[in-house]
Amino acid sequence: QRFLRAASEVLKRYTITRTESDDDTATFRITGGDQAYTVTITGDWSALPRCDCPDAQRNREATAGFCKHVIATLLSNDALRHQLLDVIL
């Protein structure tokens, strides 16, 4: 269900902008919804992706923090898309 929401809502209506980047971490700003959120992803997968939205915070144990914003960010980024395999597997 989260993948469908990420594809139908976030990828179609929101803007995902890379705001910071270094060798290990990329930060993205998600805008277009009621509120802007920040997604942080480590390129080497040394930490789980993080989003500051209420859903990611509230359901961290059940979803490992993979809210629709994190999923959409990973889907939209060729270099990070492989990390979605961990969600599926």
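What pLDDT does the protein chain average, and what share of the residues score at least 70? In this predicted model, the protein chain averages a pLDDT (the predictor's confidence in each residue, from 0 to 100) of 83, and 89% of the residues score at least 70. Local features need pLDDT of at least 70 and side-chain atom pairs count only at pLDDT 80 or more, while totals for chains, interfaces and linings use all residues. Residues are numbered from 1 along each chain as its sequence is written, and side-chain values use heavy atoms, with hydrogens and water left out.

**Confidence**
- Confidence is highest in strand 2 (residues 25-31), at a mean of 94, and lowest in helix 3 (residues 60-63), at 67; helices (H or I, at least four residues) and strands (E, at least two) are DSSP runs, numbered from the N terminus.
- Where pLDDT is low, the predicted coordinates should not be read in detail.

- Four strands form an open, antiparallel sheet in the order 1-2-3-4, where two strands pair if DSSP finds at least two bridges between them.
- Strand 1 and strand 4 (50-51) stand at the edges with a single partner strand each, so one side of each has no neighbour in the sheet.
- Strand 1 and strand 2 run antiparallel, joined by six bridges, and they form a hairpin with three residues between them; Ser-21 has Ala-26 in strand 2 as its bridge partner.
- Strand 2 also pairs with strand 3 (residues 37-42) in the antiparallel sense over six bridges, and Thr-27 stands opposite Thr-40 in strand 3.

**The loop**
- Asp-22 lies in the loop between strand 1 (15-21) and strand 2.
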